[in-house]
Amino acid sequence: MTQWKKKRSKSLVANPAKGIVGAKYLVAGIGLLLLMGLTHIYPQSTTTKLSLKQALPLPLPKDWQSWTFKRFKTEFQCYHRPSSAFELYSVEDFQMMRDTYIQYVDRSYKFDDPVPPTEGYSLHVKGTPQPYHAKKQHVADGGQRGLYASRDIHKGELVHNGTKSDVSFPNANAYRQFMFGLPKREMGCDVTEWTWTQQQGENGPLKLMTGFTISILINEGWTDEDVNVLPESDVSPLFYATRDIQKGEELLTTYETLYSADLDAVGLMWK
């Protein structure tokens with residue numbers, strides 16, 4: 001989901017003989033830069049596209065509280081991204097997202113798991129990651145990112161614990177501020193792919209969710225036969241292997257259980 005760079009103006013008043021004319025050009029140039037800056041910060045229409053590599057954060061648009069999920073995807077140019085846009089995240093990439101979450105959503109949140117996010121998180125014993133790794137497919141196969149078993153996984157084995165990797169947003173505006181605060185537009189596009197709503201327990205509230213480790217890369221199986229990992233229940237963040245999974249096999253789940261997205265219900269609105 002072109003860096004913002006302002007050209008340095010050459011001095012137009014260095015020559016006293018050209019001082020008056022230079023001053024006029026200087027004032028005109030400053031006015032043009034200001035106009036250009038305002039045009040980028042506050043798009044004039046909902047279809048104005050922002051560069052995928054545009055540096056962030058920017059000041060909040062005047063209508064930021066009304067931005068819908070679809071508008072984020074449209075303005076950030078998230079539709080029809082090339083396969084080259086789906087690169088695996090580095091530790092630094094995940095750290096930028098975590099820092100943004102702390103700054104704009106929850107300043108008290110601690111990301112203190114010793115396992116780097118590029119390897120996941122501590123599943124059982126602290127410091128020992130879960131039994132899978134992230135990999136990007138070949139372009140010929142779609143170029144998508146996914147999770148693959150690092151060893152044989154037995155049926156009934158705990159594969160993923162969302163309580164150790166997922167984060168929530170208290171409301172839709174916190175999510176919007178987070179999106180505007182991200183340092184790269186590509187990250188915003190990824191977050192739209194990694195957003196879902198989840199009920200917090202049997203009788204808990206519905207919350208917007210995302211995650212900042214490779215566990216967020218689990219894909220959905222096309223058929224029931226493809227699915228090999230499922231949550232314990234519709235509201236449980238614990239995912240178990242539904243059959244024996246061989247080393248190197250892709251982990252696949254279904255988004256119809258836990259990873260649904262009832263965005264209207266949490267005030268973000270789909271479009």
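These exercises treat helix packing and salt bridges in a predicted model.

**Exercise 1.** Determine how helix H3 is oriented relative to helix H4, and which residues make the contact.

Solution. 
- The axes of H3 (residues 91-104) and H4 (residues 172-181) come within 9 Å and cross at roughly 135°.
- Angles over 145 degrees count as roughly antiparallel and 65 to 115 as roughly perpendicular, the rest between them being oblique. H3 is therefore oblique to H4.
- The crossing of H3 past H4 is right-handed.
- H3 contributes Met97, Thr100, Tyr101 and Tyr104 to the contact, and H4 contributes Gln177, Phe178 and Gly181.
- Sorted by class, this contact of H3 with H4 holds four nonpolar, three polar and no charged residues.

**Exercise 2.** Describe the contact between H4 and helix H5.

Solution. 
- The axes of H4 and H5 (residues 185-193) come within 8 Å, crossing at roughly 145°.
- On the H4 side are Tyr175, Phe178 and Met179; on the H5 side, Gly188, Val191 and Thr192.

**Exercise 3.** Identify the salt-bridge partners of Asp190 and decide whether Asp190 is buried or exposed.

Solution. 
- Asp190 meets Arg81 in a salt bridge of 3.0 Å, N to O. Arg81 lies in the loop between helix H2 (69-75) and H3, 109 residues from Asp190 in H5.
- Asp190 also meets Arg145 in a salt bridge, at 2.8 Å, N to O. Arg145 belongs to strand S2 (residues 145-149), 45 residues apart from Asp190.
- Buried means under 20% relative accessible area. Asp190 has 2% relative accessibility, so Asp190 counts as buried. At 7%, Arg145 is buried, and Arg81 is buried as well.

Technical notes. Residues numbered from 1 in each chain as written. Predicted model: local features only at pLDDT ≥ 70, side-chain atom pairs only at ≥ 80, totals over all residues. Heavy atoms only, no water. Axes fitted to C-alpha atoms, helices over the stretch in contact; angles between N-to-C directions. Helix = DSSP H or I, 4+ residues; strand = E, 2+ residues; numbered from the N terminus. Parallel < 35°, antiparallel > 145°, perpendicular 65-115°, else oblique. Left-handed = near helix turned anticlockwise from the far one by under 90°. Contact = heavy atoms within 4.5 Å. Nonpolar A, V, L, I, M, F, W, Y, C, P; charged D, E, K, R; others polar. Salt bridge = Lys/Arg side-chain N within 4 Å of Asp/Glu carboxyl O. Buried < 20%, exposed > 50% of the residue type's maximum accessible area, 1.4 Å probe, protein only.
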